[in-house]
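Here are my notes for you, written as numbered points. Keep the picture open while you read and look up each residue as it comes along.

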Amino acid sequence: QPLADFEEFQAAAARRGIVYISRLPPNLKPHQLRMYLIPFGAIKRIYCTPEDAERTKSRGKKGGNKRRQFTDAWVEFEKKKRAKNAALVLNGHQMGGKNKRSPYYYDLWNIKYLSKFKWFHLTEEIREQKRNATQKLRAQVTRAKREANAFLENRDKAIVDTKVRERLAKKAGGTESTSVAPSTSTVAAAADLSERRASQKVVSKKKKKVTRESGAKANLDA
């Protein structure tokens, strides 16, 4: 029984047909797209590609529609014949038909039947896109971390260099003050020595004078 069910599923999948719509007008939602295509036959699945989130955000900042739009779509019909007929009839025609009040009156269908294309091809493509997006995001995160680490490392080096320069500047200033101080003390010591020598000379002269006077007085007494 499981084998029979699987074969029946494969047969049903082989009978299905897929059309690709390369452009969806603004504000067209998947359920609206189904309403446009359901007259051509039973529809199994619809997938609409959402636009990039950055594009939606940018449009909202500029005052545009903040709702996320869809760019293109895949529609799976229960029968290949129905899918082919829908693509043949609609391609190049107005989406709004003859109704001028329709918001899609001036939009044209750009629809194509995809021969030998199955839904699992689409799911594989979507998974591949997600993997690529994930890898791209990881690469961006890695690059951002590398740049942040380089910035912090350069900042730390700059701080260390600044501190080293400050220390060298302080050390150079202290050496200069030390070299000036001995010269000042030497001058003061020399001046003091000169004063002492002058005082000694004066005292020596006074002693000699006293000695001469004493000797002269002694001679007179003799």
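1. Is Glu 51 buried or exposed? Glu 51 is buried, with a relative accessible area of 5%. Here, buried means under 20% relative accessible area, exposed means over 50%, and partly exposed is in between (1.4 Å probe, protein chains only).

2. Before going on, a word on what you're looking at. This is a predicted model, where local features need pLDDT of at least 70 and side-chain atom pairs count only at pLDDT 80 or more, while totals for chains, interfaces and linings use all residues. Residues are numbered from 1 along each chain as its sequence is written, and side-chain values use heavy atoms, with hydrogens and water left out.

3. Now the overall layout. The protein chain has five helices and four strands, and from the N terminus on they run α-β-α-β-α-β-α-β-α. Helices (H or I, at least four residues) and strands (E, at least two) are DSSP runs, numbered from the N terminus. Of the 222 residues, 20% count as buried. Among the contacts with a separation of 6 or more, 69% are between residues 24 or more positions apart; contact means heavy atoms within 4.5 Å.

4. Back to Glu 51, which sits in the loop between β2 and α3 (53-61). Its side chain makes a polar contact with the side chain of Thr 56, at 2.7 Å. A polar contact is a pair of N or O atoms within 3.5 Å; within protein, one must be able to donate a hydrogen and the other to accept it, and residues adjacent in sequence count only if both atoms are side-chain atoms. Leaving aside neighbours within four places in sequence, the residues in contact with Glu 51 include Arg 59, Arg 67 and Phe 70.

5. Glu 51 also has a charged partner: its side chain meets that of Arg 55 in a salt bridge (3.9 Å, N to O). A salt bridge is a side-chain nitrogen of Lys or Arg within 4 Å of a carboxyl oxygen of Asp or Glu. While Glu 51 is buried, Arg 55 is exposed, with a relative accessible area of 54%.

6. At its start, a side-chain oxygen of Asp 52 reaches to within 3.1 Å of the backbone nitrogen of Glu 54. Just after α3, Gly 63 takes a positive phi of about 95 degrees.

7. How many salt bridges does the count come to? The count comes to seven salt bridges. One of them joins Arg 16 and Glu 76, with the closest N and O atoms 4.0 Å apart. Arg 16 lies in the loop between α1 (2-15) and β1 (17-21) and Glu 76 in strand β3, so this pair ties together parts that are 60 residues apart in sequence. Arg 16 and Glu 76 are both buried.

8. Another salt bridge is made by the side chains of Asp 107 and Arg 23 (3.3 Å, N to O). The pair links distant parts of the chain: Asp 107 is in the loop between α4 and β4, Arg 23 in the loop between β1 and α2 (30-37), 84 residues apart. Asp 107 is buried, at 14% relative accessibility, whereas Arg 23 is partly exposed, at 39%.

9. On to the rings: there are five aromatic pairs. Rings of Phe, Tyr and Trp (its six-membered ring) pair if their centres lie within 6.5 Å; planes under 30 degrees apart count as stacked, over 60 as edge-to-face and the rest as tilted. Tyr 47 and Trp 74 form a tilted pair, 6.2 Å centre to centre with 40 degrees between the planes. Tyr 47 lies in strand β2 (residues 43-50) and Trp 74 in strand β3 (residues 70-77), so the pair ties together parts 27 residues apart in sequence. Tyr 47 is partly exposed, at 26%, but Trp 74 is buried, at 10%.

10. For an edge-to-face example, pick Tyr 105 and Tyr 106: 4.9 Å centre to centre, 90 degrees between the planes. Tyr 105 is buried, with a relative accessible area of 14%, while Tyr 106 is exposed, at 72%.
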